[in-house]
Amino acid sequence: MKSEPEAYSIDDLAGDGTTHWDGVRNYQARNLMRDEMKVGDKVLYYHSRLRPPGVVGLAEVVEEAYPDHTSWDPDSNYFDPKSTPEEPRWFMVDIAFVRKFDRMVSIDELKEYPELADMVLLNRSRLSVQPVTPEEYEFIVALAERPHE
DNA sequence: GCCAACGTTGGC
DNA sequence: GCCAACGTTGGC
């Protein structure tokens, strides 16, 4: 899951403990949250729009998808008039802070490894919620635990 | 701040 | 249902 740290960083998540991942207004990202994300699933937390951007830590799904109430709140930035409590269009999950990496694994570093060449992050980078394979996940967690040469 | 990629909207 | 216009994202 990606977030601009100025908007909501992993430190914000650490402070809050859990948060609901509201404001996603992309169908592919919504479908992933609604159909794929289960309680206990691990989440790589990615800070976008930094120089450089990168994976900064881990979170975990603690509540499966339910309607994103900000979508029918006219005062919200995420208001969508086509979404109603009766027929919600947008969904969110709740995630909990797991840990922050000792160091950020930058996108440049991810690009160095053929094991990660097929990552959605490196190919369809604009999706704000993306699938990660177990192999990619383990690889990145291992990277974070040793210094980058 | 620029701009390429890409998703969405809406006129026809 | 096509596609041009427009808006957003996000690396750089």
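Predicted model: local features only at pLDDT ≥ 70, side-chain atom pairs only at ≥ 80, totals over all residues.
Helix H3 spans residues 27–36, and its buried residues are Ala29, Arg30, Leu32 and Met33. When H3 is viewed down its axis, these buried residues fall within an arc of 160 degrees, so they line one face of the helix. In general, an α-helix has 3.6 residues a turn, so residues three or four places apart point the same way. The cover over the buried residues of H3 includes strands S4 and S5. At the start of H3, a side-chain oxygen of Asn26 comes to within 3.0 Å of the backbone nitrogen of Gln28.

Strands S4 (54–67) and S5 (91–106) are also the elements between which the loop containing Thr70 lies. Thr70 has a relative accessibility of 9% and therefore counts as buried, the limit for this class being under 20%. Leaving aside residues up to four places away in sequence, Thr70 touches Asp22, Gly23, Arg25, Ser76, Tyr78 and Phe79. With Arg25, the side chain of Thr70 forms a side-chain polar contact of 3.1 Å.

The residues around DNA strand C include Lys2, Tyr46, Arg49, Lys111 and Arg126. Of the atoms of DNA strand C that come within 4 Å of the protein, 46% belong to sugar and phosphate. A polar side-chain atom of Tyr46 lies 2.8 Å from a phosphate oxygen, and an N or O atom in the side chain of Lys111 lies 2.9 Å from one.

Key
Residues numbered from 1 in each chain as written. Chains lettered and ligands numbered in written order. Heavy atoms only, no water. Helix = DSSP H or I, 4+ residues; strand = E, 2+ residues; numbered from the N terminus. Buried < 20%, exposed > 50% of the residue type's maximum accessible area, 1.4 Å probe, protein only. Polar contact = N/O pair within 3.5 Å; in protein donor to acceptor, adjacent residues only side chain to side chain. Contact = heavy atoms within 4.5 Å. Arc of directions from axis to C-beta. Near = heavy atom within 4 Å.
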